[in-house]
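Okay, thanks for coming, everyone.

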Amino acid sequence: MRNIMHQLQPYRLRLVILAVVIAVLFIWHPFNYIANKVDAETGVLTNKSATPSAFTAIDESILSPARQRVFAILKQEYAKDPKYFDKTVMEYTEGNRESWCADFISWVFAEADTELINPNSGYWRIPGVLTLQTYFKDNSAYALADSDYTPKLGDVAFYIGAQTPDNSSGEHAALVISVDGDQITTLGGNEGTGIMRLRTESIATNLEKGLVGYGQLEL
């Protein structure tokens with residue numbers, strides 16, 4: 001028996017080493033995965049503890065002062081992980097329980113000293129997507145999605161259709177973060193299940209979701 005146990009000792013040691021390696025990999029891999037998890041289908045970063053590469057890839061030095069201010073606010077608000085109707089969202093809507101994609105854009109522009117003017121009230125907040133779209137059109141600051149205009153950080157992407165990114169209505173708006181080739185990254189409020197989402201998808205996919213044009217932050 002002693003002879004058998006002696007012969008098994010090297011194998012037992014190997015099993016112990018193997019168990020330690022497996023344990024280390026198990027501990028490291030899930031946390032590394034969770035910290036950087038991106039939904040493969042939607043391109044949405046699903047964990048806010050990681051710094052999104054869509055943000056870190058932006059060269060802020062080439063942005064205008066207005067776009068720099070907008071970008072700083074977008075990063076700040078995204079980190080808050082706002083949800084429908086939490087305290088942060090209610091600040092965007094001034095306490096109104098409503099679809100808040102246009103409210104969020106209005107709030108960001110006001111905070112960045114690029115305040116919008118509601119054509120119906122003269123106030124800074126424009127809660128309706130179509131009214132927001134009309135604002136840009138009336139100010140000659142609107143480009144069609146199929147034009148040769150390349151949207152820039154801080155511009156507004158407008159969606160009209162049966163299945164827009166908010167999954168609940170035929171009208172939606174989101175702020176552009178960047179365009180890289182045929183890929184566009186946007187940050188939109190009230191997307192999916194009433195959350196703020198950072199999406200990187202092809203422009204073709206966005207067109208399928210109703211992308212119709214862009215409101216320009218600056219001409």
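Let's begin at a proline. Pro52 sits in the loop between helix H1 (2–35) and helix H2 (53–56). And do keep in mind as we go that this is a predicted model. So, is Pro52 buried or exposed? Its relative accessible area is 7%, and because buried means under 20%, Pro52 counts as buried. Now look across to Tyr78: going along the sequence, Pro52 and Tyr78 are 26 residues apart, while in space their C-alpha atoms are 9.9 Å apart.

Let me zoom out for a moment. The protein chain has 7 helices and 6 strands. If you read along the sequence, the pattern goes α-α-α-α-α-α-β-β-β-β-β-α-β. There are 219 residues in the chain, and 42% of them are buried. The accessible surface is about 12,000 Å², with 57% of that belonging to carbon and sulfur atoms. As for contacts, take those between residues at least 6 apart in sequence: 54% of them join residues at least 24 apart.

Next, helix H5, which covers residues 101–111. How many of its residues are buried? It's 9 of 11, so H5 is mostly covered. The buried ones include Cys101, Phe104, Trp107 and Phe109. Glu111 also belongs to H5, but with a relative accessible area of 46% Glu111 is partly exposed.

Just after H5 comes Asp113, with a positive phi of about 60°. At 62% relative accessibility, Asp113 is exposed.

Those two acidic residues come up again on the surface. Which residues gather in the patch of negative charge? They are Glu91, Glu111, Asp113 and Glu115.

The peptide bond from Tyr84 to Phe85 is cis, with omega near -10°. Phe85 is in the loop between H3 and H4. Then there's Asn190, which isn't a glycine either but has a positive phi of about 60°. Asn190 sits in strand S4, residues 183–191, and at a relative accessible area of 5% Asn190 is buried.

On to the salt bridges. The structure holds 12 of them, and I'll pick out a few. Let's take Glu218 and Arg67, whose side chains meet in a salt bridge at 3.3 Å, N to O. Where do these partners come from? Glu218 is in the segment after strand S6 (211–215), while Arg67 is in helix H3 (residues 65–79), so this pair links distant parts of the chain, 151 residues apart. How covered are they? Glu218 is partly exposed at 30% relative accessibility, whereas Arg67 is buried at 6%.

Another pair is Asp81 and Lys83, with their side chains in a salt bridge at 2.7 Å, N to O. Asp81 comes out at 26% relative accessibility, which is partly exposed. Lys83 is partly exposed too, at 39%.

Then we have Arg125 and Glu94, with a salt bridge of 3.0 Å, again N to O. Arg125 lies in the loop between H5 and helix H6 (129–138), and Glu94 lies in the loop between helix H4 (87–92) and H5, so the pair ties together parts that are 31 residues apart in sequence. Arg125 is buried, with a relative accessible area of 12%, and Glu94 is partly exposed at 37%.

Start with H5 and its 9 buried residues out of 11, then step just past the helix to Asp113 and its positive phi.

How values were computed:
Residues are numbered from 1 along each chain as its sequence is written. This is a predicted model: local features need pLDDT of at least 70, side-chain atom pairs count only at pLDDT 80 or more; totals for chains, interfaces and linings use all residues. Side-chain values use heavy atoms; hydrogens and water are left out. Patches are made of residues with over 30% relative accessible area and no salt bridge: like charges are joined within 9 Å, nonpolar side chains (Val, Leu, Ile, Met, Phe, Trp, Tyr) within 5 Å. Accessible areas come from the Shrake-Rupley method with a 1.4 Å probe; for residues, only the protein chains shown count as cover. A salt bridge is a side-chain nitrogen of Lys or Arg within 4 Å of a carboxyl oxygen of Asp or Glu. Lys and Arg count as positive and Asp and Glu as negative; His and the chain ends are not counted. The place of a charge is taken as NZ of Lys, CZ of Arg, CG of Asp or CD of Glu. Helices (H or I, at least four residues) and strands (E, at least two) are DSSP runs, numbered from the N terminus. Buried means under 20% relative accessible area, exposed over 50%, partly exposed in between (1.4 Å probe, protein chains only). Contact means heavy atoms within 4.5 Å.
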